[in-house]
Amino acid sequence: MERTLTNFIRALRSSEVRVSTGEALDATRAVALIGYGDRSLLKDSLGCVLAKSDQEKQVHDRLFDLYFSHSESQADNAASATGNEAEDGASQPPPGDLVELLQSGDESAISTAMERAAEAAGIDDIRFSTQVAYYAQQIIKQMGGEGLQQRLLEALQGREPGDEAEAQDLIDLRRDLTMRARERAERAFDVFGAGETQQFRDDFAAEKRLNALDRYDMERMKGLIAKIAKRLAVKHSRRRRKRNRGQLDVRRTMRANAGLDGVPFNVIWRQKKKDRPKIVAICDVSGSVAQYVRFLLLLLYSLADAVPDIHAFAFSHRLKPVDDILADNEFEAAMAKIIRELGMGSTDYGQAWSDLKVEHESIIDRRTTVIVLGDGRSNYGDPRADLFRDFAQRAKSMIWLNPEGRSQWGTGDSAIPRYLPFCTQMSHVATLKDLERAVDEVLSAYG
Amino acid sequence: MAKDISTGYEPLSSIDAVTAGLATVGYISTREISTAVFLAHGLRKPILIEGPAGVGKTDLAQSLAKWLSLPVLRLQCYEGLDEGKALYEWKYGKQLLYTQILKEKLNELIGSADNLSTSLGKLASFEDLFFSEQFLESRPLLTAMQQPAGSVLLIDEIDKSDEEFEAFLLEVLSDYQVTVPEIGTIRANVPPLVILTSNNVRELGDALKRRCLHLHIGFPDAARERMIVQARVPDVSDILLKQLVSFVQGVREADVKKRPSISETVDWARTLLLMHTTALDEEFVRTTLNVLLKHESDIAAVSKEVPRLVREATGPDKAGRTASGYPELG
């Protein structure tokens with residue numbers, strides 16, 4: 001039964017439940033302690049040992065039901081199944097038996113045979129949904145499907161009176177068998193393949209260019225961005241400390257030097273907690289970035305979730321704070337609202353900067369990081385780089401995430417070269433991966 | 001069970017034995033909780049309990065200790081907790097005092113030595129004396145390791161501690177040993193049963209999670225909550241018990257900031273008992289709502305719902321009997 005457990009753990013891993021070798025050993029020990037006998041007890045115990053969060057527990061419970069629903073029959077025949085594993089080929093029922101077996105209607109015998117065939121077909125290696133049909137066929141073959149086929153052919157060609165009825169029977173049997181094998185293969189795919197397929201698609205989406213994403217990808221993207229936002233939030237939520245020289249931490253110094261007879265060789269200073277990142281995010285929602293708008297807003301939305309005190313603004317020609325909209329609405333609604341109120345007009349960076357200057361300048365101080373999401377295409381209007389310079393002088397850093405590549409900066413109405421000297425960093429963000437890296441850098445800048 | 005694992009305890013016989021055992025000390029367990037305890041005991045692994053405040057996470061540790069007659073050592077975590085407060089500290093005062101006493105005897109002791117190296121050698125023997133267990137102030141973690149018959153170590157609200165401390169705990173949790181540089185490694189003869197609780201203030205590190213069994217305790221269903229209240233407040237009458245539990249269950253479904261947990265239900269039951277209430281009525285619920293809800297806005301929100309909730313809680317039960325016509329069961 002060790003094998004059953006290992007395969008189950010593999011299935012868990014493919015569904016993004018990270019199970020270390022140590023945990024796998026613990027699971028083995030837990031199973032040794034409680035045994036395979038009680039299904040729900042086993043489920044509780046493995047959930048306890050293998051899953052490390054509520055979310056993982058849900059994945060675990062779902063997979064457990066899927067996985068152990070088919071090994072139920074295995075468990076019943078545990079002794080014979082494990083004993084025969086080595087000589088599986090030899091113990092395979094001869095072709096004639098398959099028809100008899102199916103005709104007998106002995107459920108447990110049929111499923112045992114199918115389990116064995118599935119194992120021999122290497123079903124646990126299934127990865128993609130397109131492989132279901134192939135594996136179903138392999139299962140039938142392993143069960144001796146060729147014999148069935150042979151007999152069916154003979155019956156079809158036969159001239160005797162009973163042949164036609166027999167052929168019909170055999171066709172029915174074959175259909176049932178095919179369906180069962182398919183079901184079995186699909187279940188294996190749910191257990192072993194679904195997670196990896198998901199992972200594969202996610203990886204693919206993360207690498208895909210943002211302007212090439214279609215609606216279907218967008219749905220996936222939402223999940224991915226939420227995941228990234230969570231990861232970033234966890235990574236950057238810890239309080240930062242700053243050494244504050246000049247104030248001695250007497251207790252800790254004494255302790256650290258206790259081994260040195262209390263002579264303070266190693267001096268420990270009191271530490272001061274540093275503030276969490278303070279971020280002002282400004283997002284361009286004008287027509288020129290129409291392809292990216294959804295995505296930029298999604299990022300803004302996730303950032304607002306991840307960083308507690310973020311100030312978010314959006315503009316096309318007038319600039320407005322959108323914190324409330326982001327906080328009060330689900331993403332779809334928030335996006336619709338922002339675009340309705342502000343979006344898709346002709347861009348005017350100059351106007352946006354002067355709005356920011358007049359109404360919100362006080363929120364930018366030397367602890368603030370300003371993130372601009374936009375392409376810097378300002379319809380040949382005055383880019384007001386002087387205002388931008390003022391902000392840059394006030395702020396801790398200015399970071400520009402640009403959906404356009406470097407080669408396009410400065411072409412046409414792009415005012416990027418005017419802003420570039422005042423940016424701490426200007427990043428080309430074309431894929432989700434770029435984006436994660438860029439945001440990570442932004443947040444790390446506080447370290 | 002593998003032979004090389006010695007837990008140092010009598011093995012627990014079954015999951016049901018755990019449930020029954022905990023029940024004897026007044027802790028109403030569920031199957032999940034008992035399974036986790038059984039495994040923790042058998043595998044010698046810590047349990048990490050997550051869940052909302054006041055659902056009996058800390059209480060599980062206390063009850064477990066009571067049932068197994070083991071001492072319970074509690075380490076309350078907070079920001080800035082360091083090993084000095086969790087593990088051990090030298091008794092500086094005592095060391096200083098002894099040094100002072102020794103100083104006067106110093107001449108006598110090294111007087112006979114005629115050169116530097118002999119006197120140094122004599123002094124060195126005292127140094128070891130000063131950094132011995134005699135001068136060691138043991139804190140919860142070390143105390144737990146030193147218990148001869150084992151113990152229950154409760155590390156409460158681990159999510160409030162710093163990440164450095166979490167990393168420091170890893171040695172303690174996986175090997176059940178602690179290292180004091182001046183003395184050496186102290187290993188627990190009988191490893192303590194470790195229970196960590198977390199309210200999810202921050203995400204815990206993977207390394208820590210990996211070393212623990214994970215258990216989530218949520219709000220109980222009505223039947224279990226009734227049993228818990230019954231166990232904690234045995235004097236409460238059946239009819240009131242039924243009503244107050246179904247009222248609390250109703251409040252939990254409402255849109256409130258902080259949902260009342262078991263401890264609040266128990267407090268409320270005590271309140272009702274103290275005021276000699278026999279059945280819920282609107283007026284009374286309104287005046288004692290502050291026991292159940294801890295936010296002004298929650299109280300305001302639920303106040304509006306009180307008539308409905310009380311009606312539901314005291315409404316006719318399945319047998320069609322009304323609250324007022326319900327015979328007193330004692």
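The model is predicted: local features need pLDDT of at least 70, side-chain atom pairs count only at pLDDT 80 or more, and totals for chains, interfaces and linings use all residues. Residues are numbered from 1 along each chain as its sequence is written, while chains are lettered from A and ligands numbered from 1 in the order in which they are written.

**The sheet of chain B**

Begin by selecting the five strands of the open sheet in chain B, whose order is β2-β5-β8-β1-β9 with parallel pairing. Strands (E, at least two residues) and helices (H or I, at least four residues) are DSSP runs numbered from the N terminus, and two strands pair if DSSP finds at least two bridges between them. At the edges are β2 (72–76) and β9 (213–216) of chain B, each pairing on one side only. On average, neighbouring strands of this sheet are turned by 20 degrees against each other, direction ignored.

Next, select residues 47–50 and 193–198 of chain B: these are β1 and β8, which run parallel and are joined by four bridges. Ile47(B) has Ile195(B) in β8(B) as its bridge partner.

Contact requires C-beta atoms, placed from the backbone, within 7 Å; angles run from 0 to 180 degrees between the N-to-C directions of axes fitted to C-alpha atoms, for helices over the stretch in contact.

**Two loop residues**

Select Ser69(B), in the loop between α3 and β2 of chain B. Ser69(B) has a positive phi of about 50 degrees although it is not a glycine. Most residues other than glycine have a negative phi. Ser69(B) counts as exposed because it has 7 C-beta neighbours inside 10 Å; a residue is exposed with 12 or fewer, buried with 20 or more, and partly exposed in between.

Glu157(B), in the loop between β5 and α8 (163–175) of chain B, has a positive phi of about 55 degrees. With 18 C-beta neighbours inside 10 Å, Glu157(B) counts as partly exposed.

**A helix of chain A**

Move to α18 (residues 385–394) of chain A, where Leu387(A), Phe388(A) and Phe391(A) are the buried residues.

**The contact of the chains**

Finally, select the contact, which takes 26 residues from chain B and 24 residues from chain A. On the side of chain B, α2(B) gives the largest share, seven residues.

Notes
Two residues are in contact if their C-beta atoms, placed from the backbone, lie within 7 Å.
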